[in-house]
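Me: I have a protein chain to look at. Please take me through it step by step, in short answers.

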Amino acid sequence: MPKLKPGTLIPTPEEDAAITAAAMSDPDATPYTDTEWEAVKPTLKRGRPLAAVTKERITIRLSPEVVQAFRASGEGWQTRVDAALKDWLKTHSPA
């Protein structure tokens with residue numbers, strides 16, 4: 001149990017039972033069923049959604065001039081390297 005703040009009042013088991021009974025008898029405060037809890041759970045997932053087409057992580061050695069030129073073009077430079085290589089493949093054979 002976490003450490004409580006000074007002055008926190010903890011009900012006795014009898015008081016807790018009386019509070020629970022009063023809450024259960026209130027028609028406007030009926031507890032949720034398991035089905036109702038499932039309906040109110042958030043459906044969104046945290047984080048970035050997975051892409052339909054994922055890329056493969058590799059290590060590649062490039063000349064400093066190529067890296068500097070692409071990095072100087074700003075954010076997304078790795079995506080532009082990928083696009084440049086795809087463009088090169090259209091007219092060349094990788095073998």
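Me: How many salt bridges does the chain have?
Reply: Keep in mind that this is a predicted model. Side chains of opposite charge can pair when their charged atoms come close. The cut-off here is a Lys or Arg nitrogen within 4 Å of a carboxyl oxygen of Asp or Glu. By this rule, the number of salt bridges is three.

Me: What is the N to O distance in the salt bridge of Lys41 and Glu38?
Reply: Lys41 and Glu38 pair through their side chains. The limit for a salt bridge is 4 Å. This pair meets it, with an N to O distance of 3.1 Å.

Me: Is Glu38 buried or exposed?
Reply: Exposed means over 50% relative accessible area, and buried means under 20%. Glu38 has 52%, so Glu38 counts as exposed.

Me: Which residue meets Lys55 in a salt bridge?
Reply: Look for a carboxyl oxygen within 4 Å of the Lys55 nitrogen. The N to O distance in this salt bridge is 3.6 Å. The partner of Lys55 is Asp82.

Me: How many residues apart in sequence are the parts that Lys55 and Asp82 tie together?
Reply: Lys55 sits in the loop between helix H2 (34-40) and helix H3 (64-72). Asp82 belongs to helix H4 (residues 77-91). The pair therefore ties together parts whose separation in sequence is 27 residues.

Me: Is Lys55 buried or exposed?
Reply: Start with Asp82, which has a relative accessible area of 27% and is partly exposed. For Lys55 the relative accessibility is 61%. The cut-off for exposed is over 50%, so Lys55 is exposed.

Me: Where do Lys86 and Asp82 both lie?
Reply: The side chains of Lys86 and Asp82 form a salt bridge, 3.5 Å from N to O. The two residues are four apart, about one turn of the helix. Both lie in helix H4.

Me: Which residues are linked in a network of salt bridges?
Reply: Asp82 meets Lys55 in a salt bridge. Asp82 also meets Lys86 in a salt bridge. The network is made of Lys55, Asp82 and Lys86.

Me: How many helices are there in the chain?
Reply: The chain has zero strands. From the N terminus on, its elements run α-α-α-α. The number of helices is four.

Me: What is the radius of gyration of the chain?
Reply: For 95 residues the globule rule gives 12 Å. The value for the chain is well over that, so the chain is more spread out than a compact globule. Along the principal axes, the C-alpha atoms fill a box of roughly 80 × 35 × 25 Å. The radius of gyration is 30 Å.

Me: What percentage of the residues count as buried?
Reply: A buried residue has under 20% relative accessible area. The chain has an accessible surface of about 9800 Å², and 59% of that belongs to carbon and sulfur atoms. Of the 95 residues, the buried share is 3%.

Me: How far apart do the centres of the positive and negative side chains lie?
Reply: The chain has 13 positive side chains. It has 13 negative side chains. The centres of the two sets are separated by 18 Å.

Me: Which residues make the nonpolar surface patch of about 340 Å²?
Reply: One member, Val66, is found in helix H3. Val66 has a relative accessible area of 32%, so Val66 is partly exposed. The patch is made by Ile58, Ile60, Leu62 and Val66.

Me: What is the C-alpha separation of Pro6 and Arg61?
Reply: Pro6 is placed in the segment before helix H1 (13-25). With a relative accessible area of 82%, Pro6 is exposed. Pro6 and Arg61 are 55 residues apart along the chain. Their C-alpha atoms are separated by 61 Å.

Notes
Residues are numbered from 1 along each chain as its sequence is written. This is a predicted model: local features need pLDDT of at least 70, side-chain atom pairs count only at pLDDT 80 or more; totals for chains, interfaces and linings use all residues. Side-chain values use heavy atoms; hydrogens and water are left out. Buried means under 20% relative accessible area, exposed over 50%, partly exposed in between (1.4 Å probe, protein chains only). The radius of gyration is taken over C-alpha atoms; the globule rule is 2.2 Å times the number of residues to the power 0.38. Accessible areas come from the Shrake-Rupley method with a 1.4 Å probe; for residues, only the protein chains shown count as cover. Lys and Arg count as positive and Asp and Glu as negative; His and the chain ends are not counted. The place of a charge is taken as NZ of Lys, CZ of Arg, CG of Asp or CD of Glu. Patches are made of residues with over 30% relative accessible area and no salt bridge: like charges are joined within 9 Å, nonpolar side chains (Val, Leu, Ile, Met, Phe, Trp, Tyr) within 5 Å.
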